[in-house]
Amino acid sequence: MNDTILILDRDLAAQKALAHWLEQKGHRVLTCHNLETGYQHLSQNFPDLILCDLPATEIRQLAASVQQQQPPLTPIIVISHPESAEQVIDALRAGASDCVI
């Protein structure tokens, strides 16, 4: 299993813990703490999966970049602690494939 996973999360401790767990499972993991750094990774090579904890506005921007990719599209999974169900709905409407709470 050599899937490449990009993690976008401002919480460096959470990012590091998730990256470590995924690497233990055999995945290649790229990490970044903001969308701008994420774009740098995307310009070089699209990952197989994007895991992120971003606001809906940034998810929308990220989804627009991913949609420019030739098939197959890279799914965007939001991993978050939302304060309301509306935040989950906003993330899905912004272009996330799914949301893990």
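Analyst: Two strands pair if DSSP finds at least two bridges between them. Helices (H or I, at least four residues) and strands (E, at least two) are DSSP runs, numbered from the N terminus. This is a predicted model, with residues numbered from 1 along each chain as its sequence is written. Local features need pLDDT of at least 70 and side-chain atom pairs pLDDT 80 or more, totals for chains, interfaces and linings use all residues, and side-chain values use heavy atoms, without hydrogens and water.

User: In what sense do strand 1 and strand 3 pair, parallel or antiparallel?

Analyst: Parallel, over five bridges. Asp9 has Asp53 of strand 3 as its bridge partner. Strand 3 also pairs with strand 4, again in the parallel sense, over three bridges. There, Ile50 is bridged to Ile76 of strand 4.

User: How do I read a nonpolar core, and how many residues has the largest?

Analyst: Such a core is a set of buried Ala, Val, Leu, Ile, Met, Phe, Trp, Tyr and Cys residues joined through side-chain atoms within 4.5 Å. Buried means under 20% relative accessible area, exposed over 50%, partly exposed in between (1.4 Å probe, protein chains only). The largest core here has 20 residues. Leu8, Ile50, Ile59 and Leu62 have the most contacts inside it. Elements that each supply at least two residues include strand 1 (4-9), helix 2 (35-44) and strand 3 (49-53). Helix 3 gives the most, four residues. A second, separate core has seven residues, among them Ile5, Ala19, Leu22 and Ile77.

User: What does Ile50 touch beyond its sequence neighbours?

Analyst: Contact means heavy atoms within 4.5 Å. Leaving aside neighbours within four places in sequence, the contacts of Ile50 include Leu6, Leu8, Leu42, Leu62 and Val66.

User: Which residues of helix 2 are buried?

Analyst: Leu35, Gly38 and Leu42. The arc is taken from the directions from the helix axis to the C-beta atoms. The buried residues of helix 2 fall within an arc of 50 degrees, so they line one face. They pack against strand 1, strand 2, strand 3 and helix 3. On the other side, Glu36, Gln40, Ser43 and Gln44 are exposed.

User: What caps the N-terminal end of helix 2?

Analyst: Asn34 does: a side-chain oxygen lies 3.3 Å from the backbone nitrogen of Glu36. A polar contact is a pair of N or O atoms within 3.5 Å; within protein, one must be able to donate a hydrogen and the other to accept it, and residues adjacent in sequence count only if both atoms are side-chain atoms. The side chains of Asn34 and His33 are joined by such a contact, at 3.2 Å.

User: Where does His33 lie?

Analyst: In the loop between strand 2 and helix 2. His33 is partly exposed, with a relative accessible area of 43%.
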